[in-house]
Amino acid sequence: NDAIRLRNHIIRLLEEADICDDPQERQALLTFVAAGGGYAGVEGLGHIIDLIHKALRYYPSIKPSDLRFILASHGPRLLTQINDRLGMYTEHALRQRGVDVRTGVSVTGVTERSATLDPGGTVPTRTVVWAAGITLSPFVQSLDLPKDTHGALQVDSCLQVVGHPNIFALGDCAAVPQKGGGTYAPTAQNATREGKTAARNVIAAMRGGRRRAFRFQPLGSLASLGHYEAVAQLGPVSLAGFMAWLAWRSVYLVKLPEMGRRVRVAVDWLVDLLLSTDIVQLPVLPNDDVVADPTPDDPSRRDQRG
C-alpha cells in the first residue's frame with residue numbers, strides 16, 4: 001500500500017506541475033527529498049527517478065532540468081554497509097543522474113510543504129521519503145533490561161540477554177555481538193538465522209543441553225540504483241553497473257517461492273524493459289474503509305460501502 005500510495009502521489013504531482021503557472025509552487029511540486037543514505041533511501045530514490053523520467057513523455061511542459069532530487073545522509077558516505085569503492089560509485093552514479101547528494105546532513109523537520117535540512121535550511125517540497133534508519137519498539141524501550149548506547153538489548157553470543165539467562169533476544173531489538181568485535185547489522189539476512197539459533201538454544205535451556213553461539217558470515221549485499229545499475233558485494237567479489245543489476249535481479253528472482261511466481265515476475269520485468277511506463281493511478285483501499293461489522297442503519301456506513 002505504501003508503494004502504491006507513493007506512486008500515485010508522484011503521478012498526481014506531475015499532473016499538477018504540468019499545468020501550474022506559479023514558478024515557486026511548480027518547483028516545490030518537482031522537488032523530491034529522500035532522508036537516509038542506506039539501502040532504502042538509495043534504492044527508493046533511484047526507482048522514483050526512473051518512474052518520473054519514463055513518465056515525462058506524457059508531460060511535455062516538464063523538462064528533466066525542472067526536476068530536483070535531494071538525498072540527505074547523516075553518515076559520511078552512502079551505503080556504509082558495503083566497501084568504500086562501491087559507496088563512492090553509488091554517490092557518483094546518483095550525481096550523474098542529477099541527484100544532489102548531501103552527506104553529513106540530517107533532515108530535522110518535515111511538513112506538508114517543506115523539509116528542513118541541517119545544514120541546508122528549509123527546502124520547499126511536497127515529497128519526503130523517510131528512510132533514515134529504524135527505531136526500537138516502545139515495548140523494548142520500556143523493558144528494564146541492559147541496553148547498549150542505541151537502546152538495543154545487550155545479549156551474549158548465545159542470544160541470551162546479559163544477566164537474564166532465560167530471556168532471548170534477536171533481530172532489530174538486540175545488539176548481537178560478532179566474533180571479531182562489533183555487532184551484527186539489524187537485517188533480515190541475519191535475523192532469520194538468529195531465529196533458528198535462538199530456537200535451538202531455548203530447547204537446550206529446557207532440556208539442560210549445551211547452547212550454541214550464533215556465528216554467521218553475511219552472504220553479501222546488493223542495492224539497485226535505478227537506470228539498470230546496481231552495486232553488489234558478494235563475499236570478496238564486488239560488482240557495479242549493469243552486471244551488478246543483473247545479479248541483483250537474479251538473486252531476488254531465485255529467492256521467490258514457487259516456479260509459477262518466478263515466471264510471472266520475470267515476464268513482468270521483461271515487459272517493463274520493452275514497454276513504456278503505465279501512469280494510471282492504482283486504487284488503494286484505505287484502512288478506515290475496512291469495517292468488521294457495518295451497521296445498516298448508520299448512513300456513514302452505507303456511504304462507505306457505496
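Trainee: Which residues form a nonpolar patch on the surface, and what makes them a patch?

Mentor: They are Met259, Val263, Val267, Leu270, Val271, Leu273, Leu274 and Leu275, with about 770 Å² of accessible area together. A patch is made of residues with over 30% relative accessible area and no salt bridge, where nonpolar side chains (Val, Leu, Ile, Met, Phe, Trp, Tyr) are joined within 5 Å and like charges within 9 Å. A salt bridge here is a side-chain nitrogen of Lys or Arg within 4 Å of a carboxyl oxygen of Asp or Glu. Accessible areas come from the Shrake-Rupley method with a 1.4 Å probe, and for residues only the protein chains shown count as cover. Before we go on: this is a predicted model, where local features need pLDDT of at least 70, side-chain atom pairs count only at pLDDT 80 or more, and totals for chains, interfaces and linings use all residues. Residues are numbered from 1 along each chain as its sequence is written, and side-chain values use heavy atoms, with hydrogens and water left out.

Trainee: Why is Leu270 called partly exposed?

Mentor: Buried means under 20% relative accessible area, exposed means over 50%, and partly exposed is in between. Leu270 has 49%, so it is partly exposed. Leu270 lies in helix 8 (residues 259–274); helices (H or I, at least four residues) and strands (E, at least two) are DSSP runs, numbered from the N terminus.

Trainee: Why does Ala3 count as exposed?

Mentor: Its relative accessibility is 60%, and the exposed class is over 50%, so Ala3 belongs there. Ala3 is in helix 1 (residues 2–18).

Trainee: And Asn201: why is that residue called buried?

Mentor: Asn201 has a relative accessible area of 1%, which is under 20%, so the label is buried. Asn201 sits in helix 6 (residues 188–207). Leaving out residues up to four places away in sequence, Asn201 touches Cys158, Phe168, Arg211 and Arg212, where contact means heavy atoms within 4.5 Å.

Trainee: What makes Pro186 partly exposed?

Mentor: Its value is 48%, between the 20% and 50% limits, so Pro186 is partly exposed. Pro186 is in the loop between strand 11 (174–175) and helix 6, and touches Ile134 and Asp172, not counting residues up to four places away. The C-alpha atoms of Pro186 and Ile134 are separated by 9.2 Å, although the two are 52 residues apart along the chain.

Trainee: What makes a set of residues a nonpolar core, and how many residues has the largest one?

Mentor: A core is a set of buried Ala, Val, Leu, Ile, Met, Phe, Trp, Tyr and Cys residues joined through side-chain atoms within 4.5 Å. The largest has 36 residues, and Leu14, Ile52, Ile62, Leu67, Phe69, Leu71 and Val99 have the most contacts inside it. Helix 3 (39–55) gives the largest share of this core, seven residues. A second, separate core of 17 residues includes Val140, Leu159, Ala174 and Ala175.

Trainee: How do you know where the predictor is confident?

Mentor: Look at pLDDT, the predictor's confidence in each residue, from 0 to 100. The protein chain averages 89, and 93% of the residues score at least 70. Confidence is highest in strand 2 (residues 68–73), at 98, and lowest in helix 9 (residues 299–305), at a mean of 40. Over residues 288–306 the pLDDT is below 50, and beyond near neighbours in sequence this stretch has twelve contacts in the model.

Terms used: Buried means under 20% relative accessible area, exposed over 50%, partly exposed in between (1.4 Å probe, protein chains only).
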